[in-house]
Amino acid sequence: DMTPSERRVLMDDAIQREIKRLGLDKPFLARSFGYLGSALTLSLGRTERMTSDTGSRQVRAVLLERLPTTLVLFGTANLITFFGSLFIALFLSRRYGSFLDRAAVALAPTSAAPPWFYGIFLILIFAAIAGVLPYGGMLDAPPPETTLGYALSVLKHMVLPLMAWTMGTLAIAVYARRTFFLIHSSEDYVELAKAKGLRSNTIERRYILRPTLPTIITQFALTLVFAWQGAIITETVFQWPGLGRLLWQAIGLFEVPVIIGSVVIFAYLLALSVFLLDILYAMIDPRVKLGAEGQT
């Protein structure tokens, strides 16, 4: 029964109330600090369609309930890849030109395929044909009642995703770090250390590993940050209930708050990691000097 002008006034009033509620009438800088505070406290608003397992519609609750499962799988997978490639690369750098070294170089192109590609074949071989491992998921149905049974069930479901992730990332990581160590092994100061008669372990620890610590720590920090997000397609292939699969579901449902919340948290974690790394570089890099000594 309202006239068009009355409806317009009512709509304008509603819009102005919403602008004031969201703080959009404040200056850009003030709004930016407000968004930063909301992100750091995980005050990410409410979802539009999705809910958590407990029925909550808070974006924070939806994300946090999937975080442990993602960290269990991809934290383990990334740590295996990082430390495995590090020790294998050191081993190969001492045996340059050997059969194992040439084999590692030949296997590097196998990492061109993404982990989920290998996951499909692993499911076909070990689940469909052999029947020794589950197709996907995180737990048996029904879930085990004991703590030990629960842990063993999770480990059994983690085998195929871990194998797929390792096959898709380990070879290229070994090749990259092996090349990196070989480059530093040919530096003049390493040759001088060898001429002085230092032991190989001492040369490796002081003159090869220490200058490469900034790169190693950077890769380790970024590994932990990227483990937070999981992997969208890999989690979907294995039906792993983590943040990657949650993001895939949110994209399909046009659940904008969940998508933005996931990206915002990742961005702030990445920025924080870069900030802390700049401080660590000055502490661990022997080529960086602090204070008056560095100025001279």
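Q: Which residues line the largest cavity?
A: In general, a cavity is a set of points on a 1 Å grid over the protein atoms alone where a 1.4 Å probe fits but cannot get out, and lining residues have an atom within 4 Å of a point. Here, the largest cavity is lined by Pro-134, Tyr-135, Gly-136, Gly-137, His-157, Leu-160, Pro-161 and Phe-238. Keep in mind that this is a predicted model, where local features need pLDDT of at least 70, side-chain atom pairs count only at pLDDT 80 or more, and totals for chains, interfaces and linings use all residues. Residues are numbered from 1 along each chain as its sequence is written, and side-chain values use heavy atoms, with hydrogens and water left out.

Q: How many cavities of 30 Å³ or more does the structure hold?
A: A volume is the space filled by probe spheres set on the grid points, which are joined across faces, edges and corners. The structure holds 1 cavity of 30 Å³ or more, and the volume of the largest cavity is about 30 Å³.

Q: How does the lining of the largest cavity split by class?
A: Ala, Val, Leu, Ile, Met, Phe, Trp, Tyr, Cys and Pro count as nonpolar, Asp, Glu, Lys and Arg as charged, and the others, Gly among them, as polar. For this cavity, that gives 5 nonpolar, 3 polar and no charged residues.

Q: What about the largest pocket, and which residues line it?
A: A pocket is an open set of points with protein on both sides within 12 Å along at least five of seven lines. The largest pocket holds about 360 Å³ of space, and around it sit Arg-21, Leu-22, Gly-34, Tyr-35, Ser-38, Ala-39, Ser-43, Leu-44 and Gly-45. Two or more lining residues come from each of helix H1 (4–22) and helix H2 (28–40); helices here are DSSP runs of H or I, at least four residues, numbered from the N terminus. H2 gives the largest share, 4 residues. By class, the lining of the largest pocket has 4 nonpolar, 4 polar and 1 charged.

Q: And which residues line the second largest pocket?
A: With a volume of about 220 Å³, the second largest pocket is lined by Leu-90, Ser-93, Arg-94, Phe-181, Ser-185, Val-190, Lys-194, Ser-200, Asn-201, Ile-203, Glu-204 and Ile-208. Helix H3 (59–93), helix H6 (147–185), helix H7 (188–195) and helix H8 (200–229) give two or more residues to that lining. The largest share, 5 residues, comes from H8. Sorted by class, the lining of the second largest pocket has 5 nonpolar, 4 polar and 3 charged.

Q: Switching to helix packing, at what angle do H10 and H11 pack?
A: Axes are lines fitted to C-alpha atoms over the stretch in contact, and angles run from 0 to 180 degrees between N-to-C directions. Helix H10 (residues 243–252) and helix H11 (residues 256–284) meet at about 140 degrees, and their axes are 8 Å apart. H10 and H11 are therefore oblique to each other: under 35 degrees is roughly parallel, over 145 roughly antiparallel, 65 to 115 roughly perpendicular, and the rest oblique. In this contact (heavy atoms within 4.5 Å), Leu-246, Leu-247, Ala-250 and Ile-251 of H10 meet Val-258, Ile-259 and Ser-262 of H11. Those residues count as 6 nonpolar, 1 polar and no charged.

Q: At what angle do H4 and H6 pack?
A: Helix H4 (residues 99–107) and H6 pack at about 125 degrees, with axes 8 Å apart. That makes H4 oblique to H6. From H4, the contact uses Asp-101, Ala-104, Val-105 and Leu-107, while H6 brings in Ala-171, Val-174, Tyr-175 and Arg-178. The class count for H4 with H6 is 6 nonpolar, no polar and 2 charged residues.

Q: Now the backbone: which peptide bond is cis?
A: Look at Ala-141 to Pro-142, where the peptide bond is cis and omega is near -5 degrees. Pro-142 lies in the loop between helix H5 (115–129) and H6.

Q: Which residue has a positive phi although it is not a glycine?
A: That's Leu-42, with a phi of about 60 degrees. You'll find Leu-42 in the loop between H2 and H3.
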